Amino acid sequence: MKQFEIKQVLELPAVAGFDLSITNSALWMIISAATVTLFFAAASAKAAVVPGRLQSVGEMLYELIHNLTDSIIGHEGKKYFPFVFTLFAFILCMNMLGLIPYFFTSTSQLAVTATLGLLVISVVIGVGFARNGLGFFKLFVPSGVPIFVLPLVVVIEVISFLVRPVTLALRLFGNMVGGHVVLKVFGGFVVSLGALGVMGVAGALVTLTGIVAITALEFMVAFLQAFVFAVLACVYLNDVVNLHSH
Amino acid sequence: MAQTTPELDPGAAPVDTPYGTPSQDTYATTTEADQGSSGLPQFEFGYWPGQIFWLLIVFVILYVILSKLFLPRVGGVIEARAAKIEGDLADARTARDEAERQSSEAAAELAQARARAQKTAADAKAAAKAEAETRNAAEEAKLHERLAAAEASIQAGREQAMANVRNLAAETAEAIVEKLSGKAPTRAEVDSALSRNAA
């Protein structure tokens with residue numbers, strides 16, 4: 001799949017045997033982060049009481065995630081809002097930019113989604129220990145469970161916790177790759193059907209309409225996956241922030 | 001699409017030369033032409049350290065920029081707007097209360113003014129009436145006086161005339177008595193005779 005290929009953009013010397021050169025994937029992360037920065041610089045430049053269009057969009061995104069952290073984590077959510085918002089904005093921007101033809105989708109790289117998933121779970125574990133100390137392990141011991149099934153429940157809880165970063169990574173990765181592959185396959189149909197004569201052209205037109213519809217769907221998926229990632233990050237943070245209420 | 005699983009093929013993407021594989025640039029459709037390299041490029045682990053490294057760097061930078069600069073700014077605007085709306089509502093509420101207070105005050109003042117005006121009008125009417133009455137009374141008194149004076153003067157005239165008539169009668173009686181008896185009577189005799197006849 002050519003569109004997912006990693007190419008070197010700027011070669012850098014290896015550090016400790018690891019190749020840290022800037023690849024097209026890293027380049028598009030930087031472009032996405034720069035886009036987010038420029039967008040919010042523009043959106044918050046005027047800081048008008050009556051917002052313009054750009055400022056309205058910026059505030060909508062802000063309030064979307066703010067309501068999320070507020071409603072899921074509660075009053076303490078304020079502290080984790082910047083982290084969740086950065087996750088959301090960064091992933092959203094990478095997903096959206098990837099939908100533009102010839103642009104690279106960094107979130108279609110498992111390395112990227114896995115790192116983001118591990119980042120979330122690392123923050124969750126860090127916050128869990130910082131707030132609860134060793135009480136963090138109570139997360140795996142639900143209250144009100146009969147003692148004889150408790151070991152089994154603990155094992156299940158530990159596994160479900162460990163699976164969280166994997167599901168986070170694979171969900172985003174799968175959605176992004178799947179969408180692009182579907183678009184690519186349909187695009188291939190258009191070309192090969194179009195070469196088959198009149199009937200083929202008719203079929204190609206139908207397929208082309210399908211591509212337009214799927215592209216619209218992919219924009220929704222791009223937003224939705226970023227949102228889902230943010231929601232799950234909130235849910236996992238809530239588990240350790242409000243541990244006592246479990 | 002992955003015909004050979006890249007994980008099981010350690011020689012396909014060696015870590016030390018990760019940039020060797022993407023060589024074929026001719027692809028038209030989603031056909032086997034793409035699959036020349038070992039399946040999905042995402043599983044070429046030689047590219048992973050660089051991506052992970054740059055992702056963390058970029059994420060941290062973006063986090064710092066957003067959390068220190070833009071999120072407080074956007075949040076500040078939203079809070080300022082909420083505060084402004086709240087303040088404007090409070091202002092409007094106080095303004096409305098003030099207006100209501102003023103309108104009730106004005107109504108009270110109006111009622112007072114109306115009462116005062118009615119009282120003034122009534123007073124003026126009463127004063128005018130009283131003045132007219134006094135003037136009428138004065139006029140009447142003057143008329144009475146003039147009437148009395150006229151009556152008195154008539155009375156005086158009449159008495160004067162009566163006295164003149166008596167004198168005339170006395171003189172006539174003297175003349176008649178002198179002519180008849182040749183002897184003029186005294187005035188006292190004539191007067192007594194006139195008094196007797198007049199009685």
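## Chain A overall

Of the 246 residues in chain A, 35% are buried. Here a residue is buried if 20 or more other C-beta atoms lie within 10 Å of its own, exposed if 12 or fewer, and partly exposed in between, with C-beta atoms placed from the backbone. The model is predicted: local features need pLDDT of at least 70, side-chain atom pairs count only at pLDDT 80 or more, and totals for chains, interfaces and linings use all residues. Residues are numbered from 1 along each chain as its sequence is written, while chains are lettered from A and ligands numbered from 1 in the order in which they are written.

Chain A has six helices and two strands. Helices (H or I, at least four residues) and strands (E, at least two) are DSSP runs, numbered from the N terminus. The order along the sequence is β-β-α-α-α-α-α-α. Along the principal axes, the C-alpha atoms of chain A fill a box of roughly 70 × 55 × 45 Å.

Two residues are in contact if their C-beta atoms, placed from the backbone, lie within 7 Å. Take the contacts in chain A between residues at least 6 apart in sequence: 63% of them join residues at least 24 apart.

## Nonpolar core

A nonpolar core is a set of buried Ala, Val, Leu, Ile, Met, Phe, Trp, Tyr and Cys residues joined through C-beta atoms within 7 Å. The largest one has 64 residues. Its members with the most contacts inside it are A:Val84, A:Leu87, A:Phe88, A:Ile91, A:Ala230 and A:Leu237. Two or more residues come from each of α1, α2, α3, α4, α5 and α6 (198-241) of chain A, and from α1 (48-181) of chain B. The largest share, 13 residues, belongs to α3(A).

A:Leu237 touches A:Ile73, A:Tyr80, A:Val124 and A:Val127, leaving aside its neighbours within four places in sequence.

## Contact between chains A and B

Chain A gives 45 residues to the contact and chain B gives 42. On the chain A side, β2 (22-23), α1 (24-43), α2 (53-72), α3 (77-98), α4 (110-132) and α5 (150-194) each supply at least two residues. The largest share, nine residues, comes from α1(A).

By class, this side of chain A has 27 nonpolar, twelve polar and six charged residues. Ala, Val, Leu, Ile, Met, Phe, Trp, Tyr, Cys and Pro count as nonpolar, Asp, Glu, Lys and Arg as charged, and the others, Gly among them, as polar.

## A:Gly203

A:Gly203 lies in helix α6 of chain A. It counts as partly exposed because it has 16 C-beta neighbours inside 10 Å. Its C-alpha atom is 6.5 Å from that of A:Leu193, ten residues apart along the chain.
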